[in-house]
Amino acid sequence: MKTEYNLFINTIDKAQPSFVFRNNKGKSLYSYKFIDRQEDLVGRLKYFLLKHRLGLDRLSGIFVLKGEGSFTAVRAGVVLANAIAFLGGIPAQMIDSSDIAKKYARPKKRSFAAAYYNKEPNITL
C-alpha cells in the first residue's frame with residue numbers, strides 16, 4: 001500500500017519552504033524552497049511532483065499557512081490549494097504559521113481553504 005501524504009503550502013513566510021509533503025504521521029518526506037514569484041507556484045509544484053513521483057492520488061489533505069503576508073501571496077496559496085482540492089476531491093484548510101510543526105492527520109472532509117487578510121488590499125493603477 002502506498003503511503004498517503006499531506007501537502008503544506010506556504011506563500012507568506014520566506015524562512016520556510018513553499019511546499020512540504022508529510023506522511024499522515026507528521027514526518028516530513030520532501031520540501032521545496034520558498035518560491036518568491038507567486039506566478040511560478042503551479043509550475044514548480046508540477047515539477048516537484050514529477051521529480052519525486054508523488055501522485056495527487058496519494059494526497060489526503062492540503063494545508064495552507066495563514067498569517068501576515070502580501071495580498072497576492074495569500075490569494076495565490078489559497079487558489080492553488082482550492083484548485084487541487086476541488087479537482088481531486090481532497091479536503092483543504094488554513095492553519096496558522098505557528099502551527100506548522102503540529103502533526104495534522106487530515107482536514108475536514110470536503111472542506112476548502114478560505115483566505116484571511118490582515119488589512120485591506122493596496123491596489124494601485
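Predicted model: local features only at pLDDT ≥ 70, side-chain atom pairs only at ≥ 80, totals over all residues.
Which residues does Q38 touch, not counting residues up to four places away in sequence? Select Q38 together with T11, T72, A73 and A76, the residues that Q38 touches; contact here means heavy atoms within 4.5 Å.

Residues are numbered from 1 along each chain as its sequence is written, and side-chain values use heavy atoms, with hydrogens and water left out.

Keep Q38 selected and display the loop between β3 (28-32) and α1 (41-51), where Q38 lies. Helices (H or I, at least four residues) and strands (E, at least two) are DSSP runs, numbered from the N terminus. Q38 counts as buried because its relative accessibility is 16%; buried means under 20% relative accessible area, exposed over 50%, and partly exposed in between (1.4 Å probe, protein chains only).

**The whole chain**

Zoom out and colour by secondary structure. The chain has two helices and five strands, and from the N terminus on the elements run β-β-β-α-β-α-β. Of the 125 residues, 42% count as buried. Among contacts between residues at least 6 apart in sequence, 57% join residues at least 24 apart.

**The helix pair**

Select α1 and helix α2 (residues 71-88). Their axes are 11 Å apart and the helices pack at an angle of about 50°. Axes are lines fitted to C-alpha atoms, for helices over the stretch in contact, and angles run from 0 to 180 degrees between N-to-C directions. The two helices are therefore oblique to each other: angles under 35 degrees count as roughly parallel, over 145 as roughly antiparallel, 65 to 115 as roughly perpendicular and the rest as oblique. The crossing of α1 past α2 is right-handed, the term for a near helix turned clockwise from the far one by less than a right angle.

Show side chains next. On α1, L41, V42 and L45 meet A76, G77, L80 and I84 of α2. The residues of this contact divide into six nonpolar, one polar and no charged. In this division Ala, Val, Leu, Ile, Met, Phe, Trp, Tyr, Cys and Pro count as nonpolar, Asp, Glu, Lys and Arg as charged, and the others, Gly among them, as polar.

**Two strand residues**

Select S60 in strand β4 (residues 59-66). S60 is buried, with a relative accessible area of 5%, and its side chain makes a polar contact with the side chain of N6 (3.1 Å). A polar contact is a pair of N or O atoms within 3.5 Å; within protein, one must be able to donate a hydrogen and the other to accept it, and residues adjacent in sequence count only if both atoms are side-chain atoms.

Move to F8 in strand β1 (residues 5-9). F8 counts as buried at 2% relative accessibility. Its C-alpha atom is separated by 7.8 Å from that of S18, ten residues apart along the chain.

**Two loop residues**

Select R53 in the loop between α1 and β4. R53 is not a glycine, although it has a positive phi of about 55°; at 73% relative accessibility, R53 counts as exposed.

Finish at G89, in the loop between α2 and β5 (92-96). G89 counts as partly exposed, at 40% relative accessibility.
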